[in-house]
Each structure stands twice: as C-alpha cells, then as structure tokens.
Amino acid sequence: MNARGASKFFGSRNSKNVKSPLFHSVEPTGPLEQVPLTRKPSNLSVISSSTATSLYWSSSHQYHLENIPDDVLREIANWCNPATNLRVSLACKRLAILFRPYLYNSVDLAYTDLCRAGLKVFSQRPTLTRYIKILILKPNRNSGWTKSLDKSIDEVWIIDVLQNIASQGDLPLLTTFKWYGKELPKDSFWLTLRTQWVLYLLAGVQSRNHCPISCPDLRNIGTSVGQRTLQAFKSDDHLFAFRNLTGFHLFTQVLERWTMFNYQMDRDLPETLWEMLFHSQALEELTLDGTCFSDANAWNLKPVFSGRWPGLRRLALGNVFYDDSTDNDDSVCKFLQEHPNLQQISSMGNMSYSPTAMGCLLSLPKLQTYRGRLQQLKDGGELTQIRNIILTDWFSPSANFGDILGDLHHLESLTVCVNFVDDVHSQLGFYDRLLEKCSPLKYLEISSTSWLSLRELSSGLRLVPDLRTLTVTRVHKMNSNNLTKSALHIASQNLNLREFTIRDVPVWDHLDQLSGIFRTKRLGHYTVQHEHGERVLSVQEVGVGALRQHYRRSFSRLVKDTQHL
C-alpha cells in the first residue's frame, strides 16, 4: 500500500456497504506517476446511503430520484471521487447502471488477491470491461499488510484471460495498460491488443488489412521484465510494433532481487524499439530502466538521446551513465534543450551526471519534479524552479542537506528515507538540517528503516510552518505510544497541518522502500477540521493484530493547546 494513497484507501471503505474489491483509485505506479486530483465543489452534496431514495436541493424542496435527468446525475458523477460514486451506485439499479462507466473507468488491481478476484469477475462478466480506459495490474505483490497469507498467482493465466477479453472486442475504450508482473507477457498478447488477427485467422481471413483493432485508442503501454525475459527481446516482437504512442514504459521488475553477474550488461535493445519510439512524435511519458538493484544496467539506453518528442513531459531513465564524465555532455544537453516541456525527471539506480549536464537539466524552464540521489544534484546550480524533490538515497542522521541543496525557497514537496539506528546523532538535529533551508514546504514524506520518534519529528516541523500534509513510515516498536495520542500531539504543535498519515511496518530495508512492497502493521490517517471555532482531529486507524485479525476504528478528538498536553 502506498502511503500517499492512504486517504483514498480509507475514503473508499468508510461505508460497510462498500465491499467490492475492484474499486480502487489509481495510485502512483511508477517513478513519475501522480495521484489524480478530485474536484470538490462546495455547493454540491450527495446522499449516498444504500437506502437513499431521493436527492435534496434545499431544505424546502424535495426532488425524487426518478425525476432527476440522467445528464444531471452524470454531471454529479463527474465531480465525485470513485468511493462516493460506488456508494451512490448501491442505491438502486438505475444508478448502478448509470454510474458503471465512472466505476470502471480506471481499474488498478494492485496486489495478488485483487488480481485474482477482479479477473474472475471480468471473465464472467466481460461487458464490464467495455468501460475500462486505464488498466493497471500488479500480480504477485502482497496486499500491503503484515501476516497476510497471500498466495501466488499464475501470471500466464492472467494474460490468457485478458487476451481472451481483448480478442472478443471487450476492451474498446482502453487507452492505458501497465503490467507489473515478474515476467514480460507473451508476445501474442501485445498482438491481440493491437489487432484481432488471432480470431480472424481462425475464421479464414488471410489479410491483416481486414483485421479490426481490439483497442483502437491504446496509446500508453508499460511492462516489467524479469530474469527470464530480461535479454530475450527480438526485432520482430509485437511489443515494438505499436505506433503513435503517448506513453511507453519498459523497466525491470522489483518483486525479485538479482544481479547482472550472469547477464551481459548494457546490451543493445532491438532497433524496432527505437523506431517505434522515434515515430511516436506525440510521446508525453517515457520510462526506460534496466537497473538491477544498482549493480549495473541491463540495456544500452544512450540512443534515447537521439529522440525528439516536442510534447514530452515525464522522463525516467536508469543508469545511462555510470560516472560524471563530460564525454556525453553535448548529446545530453542538446536533448534537454530540445525538450523544454519536461516537467518531471527521474534518475534510477546510480546514474551520474556531469556538472554541465546537470546544469542543463536544472535549467529546463518547466521542470517541477526531480527524483534521484542527492549526489546527482551536486554542482548543478541553484534549484530555483523545482517544486518537488524525491530523494532515493538512504541517509544517515548526520546527513547535511544544506551544503548540496542550498536554499530551497520554492520547494513545496520533499520525500526522504533515513536510518536512525545510530543513536549518537539526535533525530531532532537531522530535522533541523533537513528542513532549515525549505521553510515554504507544504508536503513532507519521511521513511525510516528504524524507530522514529514522532515527538521529535513534531518539534522539528516548527521549521516548516506552512506544512499541510505529512506522511511517516517507520519500523514498528513493541509497547510504543498510542498512535492517536501521538497524532494529537503533532496536530497541537503544527497549526497549519491539515492531514497526515503514520504507518508502522516490520523491519525493512532501502530496496523495499524503492519498490514499495514492504508490509504494514498499523496505519493511521488523520484530518484536522474546524468546527465551531475548535480544531477537531478526525481519526481513522486500521491494523493487524497478533492473531492476524484486522481492526478498524474511526472517531474524533478535540485538539487541545500545546501547553495542555
């Protein structure tokens, strides 16, 4: 479970009537993904109980549900998040049918059991898949909870089910498909997504010119690659036969760990892949990452700098260069200058930049988000335009950020990982060095591979008075303080904080943090609200007990002044 998606996790389960495993909002699935914002008009409300029979426009006028036109209900659905739409759809059969396109518009089967349940439903009711525009599958991942008994799933079965659905023409609206399995799907699957050639060949049609397209709007594709398929690409693979893509993502999977000891490093990818990319002039998102846990890169990615995509906004590359040599400065700088619309850049593994190349990168006029190691930003100049930084290093408590990052007067979001095992250095001192140069910060995410004191963190947040959102992941400690008590303390000391999430997990390491597959012991999501002049903390906590039993509680507490705590 992704910490950023915690609020959506709770929001989609506030009602006991909501039990379907398919309705999950899309969470970040890659280095450059973002959670879509939900529009929240202030003058629109929906009564979403399963027993609701009417919608109220005011206290003096009542409109029966059957008198509300379909287009009005569709407009309401456009303004609501998936959880609200799901609850409304439970009111009656008419709403269930009317809201179906909004419920299945985006499907993220984020772990093994969800994939198994979802695909069984889709195989039995393929008409539901006709509404899917975005489909993301993450098989053989755990559910995110400690002590859960997740069973592995046959990835070949998953692909066979999807291939059968697509070949029947039941994915006509699909625009985005991303696969996060242990191995690359079989090649005939990609052919089926492009055409219905398999069925028509059986029917005696010999010419591909007469084959309809299964997914005519599919323009954004992504897939992971495992040990068996890492270097098994061929020039005639159907994966490389797509055209006019807006997004392409090829990356090594993170479910298993291996090194490049038994593989050829920096192997050339097929020319057909580069031809596909170079002919996709409308490309907006590109991920090419052959990193194998920082050892090396499986593929030679240097040809990417020959590409020119005027609308490219998101770029993620892994280990293209291993040192800060200036030999490639001309090609890198020219590439960056030809892509002024880049907004998000992610550098995987141990990729290095020369000072000149990093200077060109940081001078991009629209660059807002950078994900990579702190050392990559050294000697790159001032970070005057970047609004969001995601640091993938594993920092010690003595790390000094100011010497490299300088003054970050425009920074709004920061994500870091730290290890507080060394008790010599104060945790409070770490927060001072981390936050003293970025006082305008509005979002902060801290992941710790050891115990983290919430009280010291709360004291350190005084340096970022405008902080609105906080996410903390830390190792669970036996007999630790009550989460609600710690949350009240944080809310009382940070008056502008609106919402924050605290997640306790078992012992984990840096690679778990990068892959996002560690397990959760307990999770608390807290929202600060203002009622009658008082600050009230809305508490939602879930967790797993010693006997694998899940618990859930929701309540509110009054936030007292700091001096009374």
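Which residues are linked with Asp504 in a network of salt bridges? I found Arg474 and Arg522 joined with Asp504 in that network.

Ground rules before I go on. I am working with a predicted model, where local features need pLDDT of at least 70, side-chain atom pairs count only at pLDDT 80 or more, and totals for chains, interfaces and linings use all residues. Residues are numbered from 1 along each chain as its sequence is written, and side-chain values use heavy atoms, with hydrogens and water left out.

**Entry: salt bridges**

I looked up Asp113 and Arg116 and found their side chains paired, N to O at 2.9 Å. Both belong to helix H6 (residues 112-124), and being 3 residues apart they are separated by about one helical turn. For the element names I used DSSP runs numbered from the N terminus: helices are H or I with at least four residues, strands are E with at least two. Asp113 is partly exposed at 33% relative accessibility. My classes are buried for under 20% relative accessible area, exposed for over 50%, and partly exposed in between (1.4 Å probe, protein chains only).

My next pair was Asp160 with Lys186, where the closest N and O atoms are 2.6 Å apart. Asp160 is in helix H7 (residues 155-167) and Lys186 is in the loop between strand E5 (176-179) and helix H8 (187-194), so this bridge ties together parts that are 26 residues apart in sequence. Asp160 is partly exposed, with a relative accessible area of 33%, and Lys186 is partly exposed too, at 38%.

Then I checked Arg314 with Glu285: a salt bridge at 3.6 Å, N to O. It runs from strand E11 (residues 314-318) to strand E9 (residues 285-289), so it ties together parts 29 residues apart in sequence. Are these two buried or exposed? Arg314 is buried at 14% relative accessible area, and Glu285 is buried at 11%.

**Entry: cysteines**

How many disulfides does the structure hold? I get 1 disulfide, counting a pair of cysteine sulfur atoms within 2.5 Å. Cys333 and Cys360 are the partners, with S to S at 2.5 Å. Cys333 lies in helix H11 (residues 329-337) and Cys360 in helix H12 (residues 355-362), so the bond ties together parts that are 27 residues apart in sequence. The link is right-handed, with 90 degrees about the S-S bond. Cys333 and Cys360 are both buried.

I also looked up Cys115, which is buried at 0% relative accessible area. Cys417 is buried as well, at 0% relative accessibility.

**Entry: acidic surface patch**

I noted a patch of negative charge on the surface made by Asp266, Asp268, Glu271 and Glu275. Patch members have over 30% relative accessible area and no salt bridge; like charges are joined within 9 Å, nonpolar side chains (Val, Leu, Ile, Met, Phe, Trp, Tyr) within 5 Å. I placed Asp266 in the loop between strand E7 (247-252) and strand E8 (267-268). Asp266 is partly exposed at 31% relative accessibility.

**Entry: Thr84**

Last one: I found Thr84 in helix H3 (residues 82-89), buried at 17% relative accessible area. Its C-alpha is 9.8 Å from that of Leu103, 19 residues apart along the chain.

How values were computed:
Accessible areas come from the Shrake-Rupley method with a 1.4 Å probe; for residues, only the protein chains shown count as cover. A salt bridge is a side-chain nitrogen of Lys or Arg within 4 Å of a carboxyl oxygen of Asp or Glu. Lys and Arg count as positive and Asp and Glu as negative; His and the chain ends are not counted. The place of a charge is taken as NZ of Lys, CZ of Arg, CG of Asp or CD of Glu.
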